[in-house]
Structures are given as C-alpha cells and as structure tokens.
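Hello,

Here is the structure you wanted to look at. My notes on pockets and surface follow below it.

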Amino acid sequence: MRILIANDDGIYSPGITALAEVAADFGQVRIVAPDVEMSAAGHSVTASRPLSYKRTPVGGFEAYRVNGTPADCVALGAYHWDGVDVVLSGINLGSNLGNAMWHSGTLAAAKQAVLLGFRGIAVSAPVTEGEPNFDQLKPWLARVLELLLPDPDLALINVNFPDQAPHGLRWTRQSVRHYDGQVMPSKDPMGRQHFWFTVVPMEAPEPGTDRWAVEQGYVSMTPLRLDLTHEAELARAQERHPCD
Ligand code: MN
C-alpha cells in the first residue's frame, strides 16, 4: 500500500513525523507537505504562481516540502508517485471538529485525495498545554488505521483524538449546530484598529457527534462525502418548483 502523508502545520511539525511512524507499519510512506504552516487554508489551491518542491530530511522518511497549500501537496505528491492508495493528513496540532471542517487544511488534504480518485484520512489531536502526547496516541492511531485501511468503502474519514487517554473508538457525525468563528476587534501598538478571527467556546454538543465523542474521551471517526447536495431539499424543490 502506498501512503502519501501530508498536513497543514508544515513539514517540520512533530505531528507529521508521529503519523508517518505509525503509517510505516501499514505500507510504503512518502511525506509531501507545506514548507510553512498553512492551518485554516481550507481547500485552497495555488493557481496564480508556480509550485516547486525540495527534498528534506524528516525522521528518516522520504519527504518533500512544497511552497503551497495542503491540497497542492497532495496533487503534487500524487503526480510524482504512481499508485497512491491513500492520503493520511496530520496529525494536526488542534482539533478539526464540527464546523472547523470547513476551514481545515488538514481535512482538505484528505478531500483532495478523494477528488483525485483515492482515499483520504484526516487525523487531528487537541492542543491544550504543550504538544499532544504522541506516544499515548500512537497505539490508538494504529488501531484506527487497522480498522479503516482494509475497508475500501471508507473513502473519506475525519479522525479526532480526545485530550486524554482515549476510552475507545466511536463512529460519529459532524456537529453543525454551532459555529465558533468570530471576528474580534483590537488595536495594534500604533493605535490602529485591526481584527483577529478567533474561536469562541460553544455550548454542549449534540450526542452522537464528533464534538460529543471527544468530550466523552473517545476517538471520533466521521465518514464524510464530497457531494454537498441536499437530497431532501432537491426532491422538495423539484416538486414545488418544476422546471421546464
Ligand atoms: Mn493545522
């Protein structure tokens, strides 16, 4: 199995090394990741300037740093490596739960894999104080990959770890009820107004969702799809407003 590894934290993040070390037990690993942090880049692609890459040492793995976005890295990585089976993205330093999926560069790398015809798994861990305990997470990540990789129908999965030693694994759906993005005005040292886009705390999540599972101490696994079509609304619209 050929496993292309990407992330949005940049190629020198400790999370990508931890992911590659676990993934190496499941197949041939190659790392292609942004040369700088691209968190919250979403699924942007670089279309107005050329991309280039350089080989770079990362934990003994074959690794390349790219002057582009997470989605660029997957596209360029797949272009240079025939027969990629799956993209693993992460381990992101920070959760990608609920509405964070819309902005996540970590998830975008996995989505780009699906757009290109192979599978994608995004992996994120919360950051509270210090870095995630990767030694604690690694056996759980191995369990997740043992479960996900043999099933080809699981094309796109968003995996999130809790902030303590996990109690187990849970299949979840995306929490979409609450949005935590907020514009916060402030002033720079010269007294000029500027703005931070920040995250605000939210109320308790709905049972069965990704946010709920990690709050309960479980590893959350959410199967996703790229088709955003609202099937019920489509059927209703066709009935109420028939077109010519
Ligand atoms: Mn990130």
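The lining of the largest pocket divides into 15 nonpolar, 14 polar and 8 charged residues. (Ala, Val, Leu, Ile, Met, Phe, Trp, Tyr, Cys and Pro count as nonpolar, Asp, Glu, Lys and Arg as charged, and the others, Gly among them, as polar.) A pocket is an open set of points on a 1 Å grid over the protein atoms alone, where a 1.4 Å probe fits, with protein on both sides within 12 Å along at least five of seven lines; lining residues have an atom within 4 Å of a point.

This is a predicted model: local features need pLDDT of at least 70, side-chain atom pairs count only at pLDDT 80 or more, and totals for chains, interfaces and linings use all residues. Residues are numbered from 1 along each chain as its sequence is written, and side-chain values use heavy atoms, without hydrogens and water.

The largest pocket is lined by 37 residues. Nearest its centre lie Gly94, Ser95, Ala100, Asp180 and Val199. β5 (86-93), β10 (193-199) and α5 (210-215) each give two or more residues to this lining. Helices (H or I, at least four residues) and strands (E, at least two) are DSSP runs, numbered from the N terminus.

The lining of the second largest pocket has 8 nonpolar, 2 polar and 3 charged residues.

Phenylalanine 197 sits in strand β10. Why does phenylalanine 197 count as exposed? Because its relative accessibility is 54%, and exposed means over 50% relative accessible area (1.4 Å probe, protein chains only).

Best wishes

Key
Buried < 20%, exposed > 50% of the residue type's maximum accessible area, 1.4 Å probe, protein only.
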